[in-house]
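Here are some notes on the model you sent over. Please read them with the structure open.

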Amino acid sequence: MQPLVALLVLFGFGLRVLDLTGRSMWGDESYTLYRVMSEWTLTLRNQVAMPFGVVNDPHPQLFFALLKLWMEPAGRSEFGLKLLSALFGTLAIPVAYATSVRMFGRRTGLLAAAFFTLSPALIWYSDELRMYALVPLVAVAAAYLLFSALERHSLRRALLGSISIVVGLLTHYSFIGLAAGHALMILWLVYMRRGRWLGARSTLNRDFWLPAIIVALGVAAIIIGTNVSELFARVQSRQELDFYFVPLSVILETLFGSPFFGLNFSGPGQTLVAWVIITVSVGGLTVIALRRRDRHERLAITLLGVSTFVPILVWYGASFFRPNFQGLRHLILVVPPILIGTAHVCVRVAEGGLRQLRRIQPHARVALPGLLPAFALLVAQGIGIAADDPPQPRSQDDWRSMGHYLRDHWQPGDVLLSDPAAATPSLSSYAGAAPFETVSTAQLSRQETNPLTAVLAGANRIWFVSQAGKEIAVSEGATWLRDMLIVDDQRFASRGLDLRLFALDPHPEVVDVLPAQTLSVTRDSIPGVAAQVAGFALKPGSPYAANPSVTLSVYWRRLDGPLPARAITLRVSSHLEGWLDWSQTMVVPATPATWTTGRLWRQDYSVPLPVGLPRRDYRVQLGVEYDAPGATHVMLDTVLPAELVASTLRVANWPPQTPEVNLRYPPMATIQTASGIVDTRTQLLWREDEISLVRAIYSPAVYPGEPLPVGLLWRPEQPGLALWHNEVSLEPLIGGAMVTVTRESGDPAAAVGAWTPGELYRDQVTLRVPQNVVAGQYRLTLTRTRNGQRLGGGTLGFLTIEERPRSPRPTPSAQPLNATLGPFSVLGYTPGDPPGRGATMSLRVGFVADAAPTEAAALFIHILDASGRMVAQRDLDPLDGARSTLSYRAGEGLDQSFAVPIPRDLPAGDYRVLLGAYRRADLTRWPARVGGTPAQHDLIDLFTFTLKPMDAYHTFVPNVGR
C-alpha cells in the first residue's frame, strides 16, 4: 500500500471513531439490538424475537450474524458494537483505491481514496449500528473482482465476484439491482465478442457459466432461508410502512449530492449543485469513453455506469408497485462507482490542463480547470462532515436524550408503553440502572382479553413513547389511554416526525386536606387566579438518575376556572451562594374530574440537584409564574432545616453518568432492583495527599457579563482537614488572569474539619465574565492556598465565551416616542394594567442602539408626585441585569420591562412616570432628548396617572404629549 493511502486510511479511521457514540442510536439501530439478542437459529432464519413474539425481518442476516460474532470479543458497549461498522467503512478506502488503480491508474486511485475518506455520507453510516457501512465495501469489492475477471478472462476472479454478489444479497436486497447490472454487463460483452448471444466456444462465455450458477444457487438459498413469501405477504397486506413515491430526479439528486455534501445538505442551491455534479460526472465519463480508444478504460467506464444506473432503475421501477425509496441508505451501493467515476473525470481534466501547461508555460492558469473541481469537491466533503455533525438541529433521532429523561424521572412502579417496540433497547441502554418494566402496544393489540391490564392498572405512572409524534388519542394501539391524565409531554429531536414522550397518571391523587409532612403555604390569595398552591413536600427523587434529584410535590387548591400557571420555580440558597435555581413549564392539558372546588390535587416535579451539598440549613423559595413571563409570585419563603436536608437534598455519593452504553434487553413486566452505588474515584481531576478534586462543574459556554458559577466537588482523603482558600481564575489561553475570585473552603455550618473521608462535598465560587471580553476560548484555573502558601491546583478545564447574538428591533409600542437616551433611541412604551396602591406597575419600553455604548449604565423609572418628590422607583441593567449597555452594538434592539411597586399609602393625586439612565461609574445621568430638545433634568416624561381617594377606584390617564 502506498504511504499516502496508508495515511488516508488512518485519517479515515480517525474520522469514523472520533465521535463514534456522539450520535444517538435511533429506532432501526434498536431493531439491530433486538436481532443480535435473538437466538442463532432465529438469526439464520432471518427472524427476530420481539417482546410480543417472533417476527420476520425484511433485511438479510449476514451483518447481524457478523455482529453477533463480533460482540463476543468486543463486548456489549455502544462503542464496541459500532466499531464493527467503523471498520467496514475504513476498509472500503483501500479497496476503493485498489479498484480505481486497476481501472484507471494511481492518480484516480489516490483521489478516489480521498473522496472515500472524506465522504460525509460514508462517515455517517460508518457510525451507525446497521449494515449500511458493509454495503459499499462489498459493492466496491464486487466491482474490482468483476473488472479483473472481464479483463483477464479469469475464472477464479469470476468465482470470487459471484461469491461477493451473494455476500451482497445476504447484506442488503438492493444488491439485486447490482447483480442484474453485472449480468447485463457480462451478456453484453459476450454478445459483442461473438456477434451473437452465448457463443458455444467463447472463452468469456465458458468462464462465466459457473459463476452464474453460483449466483443463482445463492439467490435460491436466500429465498428459501429468509422466507421471502412471508415478507411478500406482509407487503401485500400493507403491514409494512407506507412510503411516498419519490421522482427519479430527486433520487439522483440525493445519490449524487449526499456523498459530497452530506445527508443534512439543504438550501436553495441544493438541486442546482447536485445536478452540476451529475452533469460533470456522467457527462465527463461519457465524453472520455467516446473520445478515447483505450479498450481498458472504456470497459471500466461502462462497468461504473452499469453499477450506478441499473440498481437505481431497478429500485425506481419497483417503486411503481410499492413506493419504497426512503433515503441514501437504500441505494448506498451506488456511492462507490459515483465517487470513483467523479475522481476519474477530475483526473482526466487535470491531466489535459497539465498537457496544455507544458505547451504554453506562461499561461499557468490553464491547469486550474483541472485542479479546481477536485479541490472544490474535497472542500465540499469537509463542509458536509460539519453539516452532518450530531449537534445540528434535527440531524438525528435523539433516543439518548429520551432515555436520559426517563432515567432521571423513573420511579419504582412506573411502566413504559413503547410504540414502536423496536425503540425499547435504545431507551433501556441509555437509561442506565433504571429497571424498565416494558409493555408494547403490539402486545396489547394481539390479545382480546389482555392479562397485562392489571399491570397497567397498578402502575404509578405510564410512560408512553410515540415515534410518529402523534397525540395519544390518534396513536395506533394506544387510543385506550386517551382518558388518562397527561402530567408530562416532552418532545425530542428527530430527522422526521417528532419523538414524543408522555407521562400519564392512571389515578391522580386528589385529597381534601394536606397530608402529614407537608409544608403549608399561607400566602394570601392572588386576585383572579383560579388555582393556587396550598402546600408542598420534598422527598428523594429517582434512585436511578445520573445526578441526584428531589421530587417536589405541589398541592394545588381549586378555586374556580382553569389552571392559569405557566411555570413553577424553586430556589435553594444559603447566605453564601445560590445553590439551585430551577424552573419548569407546567404541562396541564387536562385536570382530574374529581378535582372540584376546594379540593387539593398533587402534582410531582423532578428537580435535579448538585452533588455534595453541605449539610446545613437552606432558604427555600417556591414561586409560581402566572400569565406573562416574569410575573412570578413567591408562594413560600422558608428555611429548610439541616435534618430534612440530610434525608432529601444532601447526597454524599451518587452514580455518575455511565460513560458508555451497554447492550441491555429490557425486562418485560418485570421489575428489577437498581445496581449499587458506582465509585466516582475514576472521575478525578487531580489528587493530593489530603484531598482529591473529583470534578469541576460549570457551563461550557457563557456570554460576556454573565455570572459563571463554578462548582468544586471535593473528596477528603483524611479527617480533620485544615481550612484553605480556593482561588478560581478565568484566563485566556495565553496571558494572565482576567477575573479572580477567592473564597474559603467549606461552609460555617459544614466546616472542612468535619468532612468525612470518602464522601463528596461541594464548594461553589461565582465569577462574573467581563463585559468587554473578546469572544474565544478561555480556561479556568484553581489555586489552593493556606496562610498565603500555595498548596496545589491546576487547570479545571476550558470554556467558550461566545459573542451575544444580535437582538432584534423591538415590536412597535402602544405609545410611540421620538426621544433619545444616551446612545439609544427610545421608540415608545406600552403600559400594563392601570396602577393601583399596593400593586406593581408594569411597563415595557422599546430601545434601539444608534451607536455602540462606551459606558455601563443603569436604566430607571421614577414616579414623582405633584410636588416633584419621588415616591417609587426601579433601577436595573438591561434585561433585568442579564446584560450591560456595553454589550450592545449599533442597530441592536432592547425590549425592557419594568415592574415598579406602588406604595399602599399614596394619597390621591396625579403622578408622573419618568424614564432615565445613569452611568455606573460616577452615577451621572445620560443626556436625554425629546423631539431633538434636551429634556429637563435628563428625564423623559412618559405619562401621568391619577389615584382617586381611598374609597374610590383609581384611573389611568396616559399623557402622551408631555
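The points below cover a helix pair, a loop residue and a sheet.

1. The model is a predicted one, and the remarks that follow should be read with that in mind.

2. Two packed helices are described by the angle between their axes and the distance between the axes. For helix α8 (residues 134-152) and α9, the axes come within 8 Å and cross at roughly 155°. Angles over 145 degrees count as roughly antiparallel, so α8 and α9 are roughly antiparallel to each other. The crossing of α8 past α9 is left-handed.

3. On the α8 side, the contact is made by V138, A142, Y144, L145, S148, A149 and R152. The α9 side supplies R157, A158, L160, G161, S164, I165, V167 and G168. By type, the residues of this contact divide into 9 nonpolar, 4 polar and 2 charged.

4. S174 lies in the loop between α9 (155-169) and α10 (175-194). With a relative accessible area of 4%, S174 is buried, because buried means under 20%. Leaving aside residues up to four places away in sequence, S174 touches W315, H330 and L333.

5. An open sheet is formed by 6 strands, in the order β31-β28-β27-β26-β33-β34, with antiparallel pairing. β31 (893-901) and β34 (933-934) are at the edges; each has a single partner strand, so one side of each is left without a neighbour in the sheet.

6. Within this sheet order, β26 is next to β33. Strand β26 (residues 815-821) pairs with strand β33 (residues 928-930) in the antiparallel sense, over 3 bridges. A819 has V930 in β33 as its bridge partner.

Note on methods: Residues are numbered from 1 along each chain as its sequence is written. This is a predicted model: local features need pLDDT of at least 70, side-chain atom pairs count only at pLDDT 80 or more; totals for chains, interfaces and linings use all residues. Side-chain values use heavy atoms; hydrogens and water are left out. Helices (H or I, at least four residues) and strands (E, at least two) are DSSP runs, numbered from the N terminus. Buried means under 20% relative accessible area, exposed over 50%, partly exposed in between (1.4 Å probe, protein chains only). Contact means heavy atoms within 4.5 Å. Two strands pair if DSSP finds at least two bridges between them. Axes are lines fitted to C-alpha atoms, for helices over the stretch in contact, and angles run from 0 to 180 degrees between N-to-C directions. Angles under 35 degrees count as roughly parallel, over 145 as roughly antiparallel, 65 to 115 as roughly perpendicular and the rest as oblique. A crossing is left-handed if the near helix is turned anticlockwise from the far one by less than a right angle, and right-handed if clockwise. Ala, Val, Leu, Ile, Met, Phe, Trp, Tyr, Cys and Pro count as nonpolar, Asp, Glu, Lys and Arg as charged, and the others, Gly among them, as polar.
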